[in-house]
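Please examine the structure shown below.

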Amino acid sequence: MIGKDLGLAIDFLKKGEVVGIPTETVYGLAANALNKDAVLSVFEIKNRPHFDPLIIHLPNFESIVQYTINHDKRVQLLAEQLMPGPLTLLLHKNDKIPYLVTSGSEKVACRIPQHPLSIELLKQLDFPLAAPSANPFGYISPTKAIHVEQQLGDKIPYILDGGECMVGIESTIIDCTTPKFEILRLGGCSIETIEQCLGEKVILNLNLNSNPKAPGQLDKHYSPRTPMKLVNDFKSYNNKEQKRVAFLTFGNENLEHMGFQLNLSASANLSEAAKNLFDMMRQLDEMNFDLIVSKLLPEHGIGLAVNDRLKRASIVE
Ligand code: TXA
Ligand code: MG
């Protein structure tokens, strides 16, 4: 059931049930992070492997401090300037956080979502919410309550509707336990913004490998069922095999004579493109084309995160 009843969401969460919640990035599949049975249900509902840890969500930095230890001074800077927001800090956990949440790691990923409804929800709970994106493992993340309803609606009692996600792409994950902080996942908070805040460079640790530090680094991820292909230039795409093709474009590009087209941002705005990305990928997936053809965006700001998702969605296994 979809609704806007905060009290009902709170009741379900207190009972150890799993609830769909809005954030500014994507919708989450939330449960009491301190209740192991509730956390286990999240893994089951999402069909997520247990080696892939969950982010905990809290209403403010003071509450993050209650579940973590050994903060580097720079953590305070990030928290003060960029949180709440689309940034997740990887910190040393204390023993209040079950290893089930962190998949056995001593580090826990912490985030303060910038969404009025979820902040209010978190303030009224006396436990953090463990919440992965509310999609089946490997599929595109949901940016509207209806996306959650369509895929997981029969498995959870309630989805709190907070409207369309304003950022539309997952949070940036930064490991704050290493001498130089490391970006483990590109996301809604740009590298430029983080480096400006810290006054120093960060390390990009986004290696596509089979033993990832953050499994969002798994090669194929965030993908529609329809195969995707990236091209350098749409106009030179040669549809030799006469496939039913859809184009996912950016900026001033008119391809309607070549096939169906959705435009991430006609005005070439990177934030607008990020906001539209997953919703448009879903729309195209539902139309059952043979192929979705897209192109990388300019490699700066949130464009880097969009490109990361486009690349992972188009990997051929
Ligand atoms: O924007 C977001 O971050 C959304 C919203 C719902 O908050 N959440 C989200 O969660 O994207 P999820 O589970 O789909 O992706 C979390 C990523 C995974 O790649 C996971 O491996 C990584 O964070 N992660 C979580 N805890 C970790 C840990 N202790 N160490 C390393 N990576 C961790
Ligand atoms: Mg996810």
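The model is predicted: local features need pLDDT of at least 70, side-chain atom pairs count only at pLDDT 80 or more, and totals for chains, interfaces and linings use all residues. Residues are numbered from 1 along each chain as its sequence is written, chains are lettered from A and ligands numbered from 1 in the order in which they are written, and side-chain values use heavy atoms, with hydrogens and water left out.

Which residues of α2 are buried? They are Ala38, Val39, Val42, Phe43, Ile45 and Lys46. The term buried means under 20% relative accessible area, exposed means over 50%, and partly exposed lies in between (1.4 Å probe, protein chains only). At the start of α2, the backbone nitrogen of Asp37 has a side-chain oxygen of Asn35 within 3.0 Å. Such a polar contact is a pair of N or O atoms within 3.5 Å; within protein, one must be able to donate a hydrogen and the other to accept it, and residues adjacent in sequence count only if both atoms are side-chain atoms.

After α2 comes Asn47, whose phi is positive, near 60 degrees. The loop between α2 (36–46) and β4 (55–57) contains Pro53. Pro53 counts as partly exposed because its relative accessibility is 27%. Although Pro53 and Phe43 are ten residues apart in sequence, their C-alpha atoms are 9.5 Å apart in space.

## Helix α4

Helix α4 (residues 73–82) has Arg74, Val75, Leu78, Ala79 and Leu82 as buried residues. Seen down the axis of α4, these buried residues fall within an arc of 145 degrees, so they line one face of the helix. The arc is that of the directions from the helix axis to the C-beta atoms. An α-helix has 3.6 residues a turn, so residues three or four places apart point the same way.

The buried residues of α4 pack against α3 (61–65), β6 (87–93), β10 (172–175) and α8 (191–198). On the face of α4 turned away from the buried side are the exposed residues Lys73, Glu80 and Gln81. At the start of α4, the backbone nitrogen of Arg74 has a side-chain oxygen of Asp72 within 2.8 Å.

## Backbone angles in loops

Most residues other than glycine have a negative phi, and most peptide bonds are trans. In the loop between α4 and β6 lies Pro84, which is joined to Met83 by a cis peptide bond with omega of about 0 degrees.

## Cavity and pocket

How many cavities of 30 Å³ or more does a search of the whole structure find? The search finds one, and the largest cavity has a volume of about 30 Å³. On a 1 Å grid over the protein atoms alone, a cavity is a set of points where a 1.4 Å probe fits but cannot get out, and a pocket is an open set with protein on both sides within 12 Å along at least five of seven lines; lining residues have an atom within 4 Å of a point. Grid points are joined across faces, edges and corners, and a volume is the space filled by probe spheres set on the points.

The lining of the largest cavity includes Thr172, Leu186, Cys189 and Ala305. By class, this lining has five nonpolar, four polar and no charged residues.

The second largest pocket has a volume of about 170 Å³. Eleven residues line this pocket, and those closest to its centre are Leu186, Leu206, Asp308, Lys311 and Arg312. Helix α10 (residues 303–313) supplies the largest share of the lining, five residues.

## The segment after α10

Ser314 lies in the segment after α10. Is Ser314 buried or exposed? Ser314 is buried, because its relative accessible area is 14%. A polar atom of the Ser314 side chain lies 2.8 Å from the backbone oxygen of Leu310. Not counting residues up to four places away in sequence, Ser314 touches Met228, Lys229 and Leu230.

Conventions: Helices (H or I, at least four residues) and strands (E, at least two) are DSSP runs, numbered from the N terminus. Ala, Val, Leu, Ile, Met, Phe, Trp, Tyr, Cys and Pro count as nonpolar, Asp, Glu, Lys and Arg as charged, and the others, Gly among them, as polar. Contact means heavy atoms within 4.5 Å.
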